Amino acid sequence: MEKKDYHKIFLTDGEFGELFGSEISRLVKILNDTARAVCPPCNGYCCKNIHCLLYSEKFSTCPIFDLRPRECRYHFCNDVFTRARLSKEELDAMMNPVEELVCGDRGEIARLFFLFPEFPLDEKGLESMGIKDAVEKIKKDFEEGILGEGEAFHKLRELCVNRD
Ligand code: SF4
Ligand code: SF4
């Protein structure tokens, strides 16, 4: 069996499923379906709030949506949780890793969120990956109309893929 890569930052759906298991992946899919209806008018409050440098208010969506890290894949605000109407057991299943990380002996979960409490895509995170200036340049070019959104997304994704 292939070894799990706990230290990969940018994850595909398949890689997220391998790390977190099928039940969490199923619940995250339900929450994502709900988020599709809830998130657009909010325009990325949580992305802005966590100081993600890949976020721009002018982007129509996350530029690396299918490669976003586990912190983004596992985060949903209360509005999303409320509207998704998960059962008590399902909510508990989603909360278990978080509670174990904060209160428990960490163990497996510290491996799943190995950077906690750091967010890998803030200024410090991108600087340590050596892609901060390139990300900022692509965003600036997009915001000034030099790059279209598709082109900017493509370039940002390439930076992330080549980094990992
Ligand atoms: S998860 Fe919540 S805070 Fe984040 S973009 Fe969606 S609605 Fe906004
Ligand atoms: S990478 Fe994460 S925090 Fe950044 S824009 Fe995408 S979903 Fe938001």
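The following exercises, each with a worked solution, concern the predicted model shown above.

Residues are numbered from 1 along each chain as its sequence is written, and chains are lettered from A and ligands numbered from 1 in the order in which they are written. Since the model is predicted, local features need pLDDT of at least 70 and side-chain atom pairs count only at pLDDT 80 or more, while totals for chains, interfaces and linings use all residues.

**Exercise 1. Overall build**

Determine how many helices and strands the protein has, and compare its radius of gyration with that of a compact globule.

Solution. Begin with the secondary structure, for which helices (H or I, at least four residues) and strands (E, at least two) are DSSP runs numbered from the N terminus. The protein has 10 helices and 0 strands, which gives the sequence pattern α-α-α-α-α-α-α-α-α-α. Next, take the radius of gyration over C-alpha atoms, with the globule rule being 2.2 Å times the number of residues to the power 0.38. For 164 residues a compact globule would have a value near 15 Å, and the 16 Å of the protein agrees with this. Along the principal axes, the C-alpha atoms fill a box of roughly 50 × 35 × 30 Å. Finally, a residue is buried if 20 or more other C-beta atoms, placed from the backbone, lie within 10 Å of its own, exposed if 12 or fewer do, and partly exposed in between; by this criterion 19% of the 164 residues count as buried.

**Exercise 2. Two helix pairs**

Classify the packing of α9 with α10 and of α1 with α2, and state which residues of α9 and α10 meet.

Solution. Two packed helices are described by the angle between their axes and the distance between the axes. Here the axes are lines fitted to C-alpha atoms over the stretch in contact, and angles run from 0 to 180 degrees between N-to-C directions. Angles under 35 degrees count as roughly parallel, over 145 as roughly antiparallel, 65 to 115 as roughly perpendicular and the rest as oblique.

- For α9 (residues 132-143) and α10 (residues 149-163), the axes come within 9 Å and cross at roughly 175 degrees, and the two helices are therefore roughly antiparallel.
- Residues are in contact if their C-beta atoms, placed from the backbone, lie within 7 Å. A134, V135, I138, D141 and F142 in α9 meet E149, A152, K155, L156 and L159 in α10.
- To sort residues by class, count Ala, Val, Leu, Ile, Met, Phe, Trp, Tyr, Cys and Pro as nonpolar, Asp, Glu, Lys and Arg as charged, and the others, Gly among them, as polar. The contact of α9 with α10 then has 7 nonpolar, no polar and 3 charged residues.
- For α1 (residues 13-20) and α2, the axes come within 7 Å and cross at roughly 130 degrees, and these helices are therefore oblique to each other.
- This contact is made by F16, G17 and F20 of α1 and S22, I24 and S25 of α2, which divide into 3 nonpolar, 3 polar and no charged residues.

**Exercise 3. The ligand shells**

List the residues that surround ligand 1 and those that surround ligand 2, and sort each shell by class.

Solution. A residue is near a molecule if its C-beta atom, placed from the backbone, lies within 6 Å of it. Ligand 1 is surrounded by A35, V38, C39, C42, G44, Y45, C46, F76, C77, D79 and V80, with α2 (22-38), α3 (45-49) and α5 (78-84) each supplying at least two residues of this shell. Its classes are 9 nonpolar, 1 polar and 1 charged. Around ligand 2 stand G44, C47, I50, C52, L54, Y55, C62, I64, R68, C72 and L121, and this shell divides into 9 nonpolar, 1 polar and 1 charged.

**Exercise 4. Backbone exceptions and one shell residue**

Locate the cis peptide bond and the positive phi values of N43 and H51, then describe the surroundings of I50.

Solution. Most residues other than glycine have a negative phi, and most peptide bonds are trans. A cis peptide bond, with omega about 5 degrees, joins F116 and P117; P117 is in the loop between α7 (107-112) and α8 (123-129). N43, not a glycine, has a positive phi of about 55 degrees and lies in the loop between α2 and α3. H51 has a phi near 65 degrees and belongs to the loop between α3 and α4 (70-73). I50 is also placed in the loop between α3 and α4, where it counts as partly exposed, with 15 C-beta neighbours inside 10 Å. Leaving aside neighbours within four places in sequence, I50 is in contact with F119 and D122, and the C-alpha atoms of I50 and D122, 72 residues apart along the chain, are separated by 7.4 Å.

Technical notes:
Contact = placed C-beta atoms within 7 Å.
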